[in-house]
Amino acid sequence: MTNVLITGATAGIGAEFARQVAARGDDVVLVARNVERLEEFGRELTDRYRIRAEILAADLTNRDDLARVEERLSDPMRPIDILFNNAGFGHTESFVGGDIDVEQELLDVLVTAVLRLTHAALPGMVVRGRGGVVNNSSVASFIAGGTYSAAKAWVRVFSESLHGPMAAKGVTVMALCPGYTHTEFHDRAGINKSAVQDWMWLDAPLVVSEALKDFSRGKAVSIPGAQYKALATAATYLPRPLVRRIGLASQK
Ligand SMILES: NC(=O)c1ccc[n+]([C@@H]2O[C@H](COP(=O)([O-])OP(=O)(O)OC[C@H]3O[C@@H](n4cnc5c(N)ncnc54)[C@H](OP(=O)(O)O)[C@@H]3O)[C@@H](O)[C@H]2O)c1
């Protein structure tokens, strides 16, 4: 029996991840802030897939809430086999003159929660010699596109750094790097979706199925979609001044 804990499980990529692992028979622990949505989604998964769905309401910007998720992850009596650090949000604030509290919340959810939850989950996985962590980064991690992109670069490098040492223990740590994906993310962030060209859009089912396939193969980085594999490769090998120009354009 596999147990999967997913943060940001009520919408978008996290909800689709929950659906796909539940469809193969895994039990899930669903983490997000909105309790009603958590309960409704938990019922939907239980009814449709006959699995156990546990609800863990937590705001990952809140250290007490975060500590409860850490405790759940490190409980040896109820082991978590796969952790999907997925919760996240974006914003359109400019850095100078923007709201520093929003920037702090971004770091809390995108970086601190990923750091602490991975730290809580890995020791048990190492003892058991199996399982792993998927950290949701972004293709934005390859460019210089503001504080969101900087936080996502931290997530990718952090995951890549753990990949080798953990693989030697039978545990997989993988960074997932999606491009633009149809979810609630852009409306919540106030991003103008009509400015994004059609070829750039991915659907969450494809992002998650590619991520699960890459995770089962023990990959360090998963980049769903041929267009984003090409863009990430280009961003890796292009001269850095050009990558910075692309980053500037992405913030307009
Ligand atoms: N969509 C894209 O184009 C795209 C591309 C690359 C990477 N990503 C990354 O993919 C991840 C998932 O994003 P998505 O597109 O699926 O977004 P989404 O549809 O907006 O879903 C975000 C999820 O995170 C939860 N969440 C947000 N803030 C939280 C907090 N403080 N504490 C706990 N849970 C919180 C939300 O639930 P509550 O509001 O109830 O808490 C929701 O379940 C993010 O890390 C994002 O950066 C997205």
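A polar contact is a pair of N or O atoms within 3.5 Å. I kept this cut-off at hand while reading the model, which is predicted.

**Entry 1**

I looked up Asn-86 and found one of its backbone N or O atoms 2.8 Å from an oxygen atom of the ligand. I then turned to Arg-33, where an N or O atom of the side chain is 2.7 Å from a ligand oxygen. For Phe-185, I noted a polar backbone atom at 3.3 Å from an oxygen atom of the ligand. I also recorded that the protein covers 97% of the 890 Å² of accessible area that the ligand has on its own.

**Entry 2: the shell around the ligand**

I found 31 residues around the ligand, and those that come nearest are Thr-10, Arg-33, Asn-86, Tyr-148 and Thr-183. Sorted by class, the shell holds 12 nonpolar, 14 polar and 5 charged residues. Helix 1 (12–23), helix 5 and helix 6 (185–189) each supply at least two.

**Entry 3: aromatic rings**

Is Phe-158 buried or exposed? I noted Phe-158 as buried, because its relative accessible area is 15%, under the 20% limit. Trp-154, at 30% relative accessibility, counts as partly exposed.

Lastly, I looked at Phe-142 and found Arg-156 over the face of its ring, 4.0 Å from the ring centre.

Key:
Residues are numbered from 1 along each chain as its sequence is written. This is a predicted model: local features need pLDDT of at least 70, side-chain atom pairs count only at pLDDT 80 or more; totals for chains, interfaces and linings use all residues. Side-chain values use heavy atoms; hydrogens and water are left out. Buried means under 20% relative accessible area, exposed over 50%, partly exposed in between (1.4 Å probe, protein chains only). A charge sits over a ring if NZ of Lys or CZ of Arg is within 6 Å of the ring centre and within 35 degrees of the ring normal. A residue is near a molecule or strand if one of its heavy atoms lies within 4 Å of it. A polar contact is a pair of N or O atoms within 3.5 Å; within protein, one must be able to donate a hydrogen and the other to accept it, and residues adjacent in sequence count only if both atoms are side-chain atoms. Accessible areas come from the Shrake-Rupley method with a 1.4 Å probe; for residues, only the protein chains shown count as cover. Helices (H or I, at least four residues) and strands (E, at least two) are DSSP runs, numbered from the N terminus. Ala, Val, Leu, Ile, Met, Phe, Trp, Tyr, Cys and Pro count as nonpolar, Asp, Glu, Lys and Arg as charged, and the others, Gly among them, as polar.
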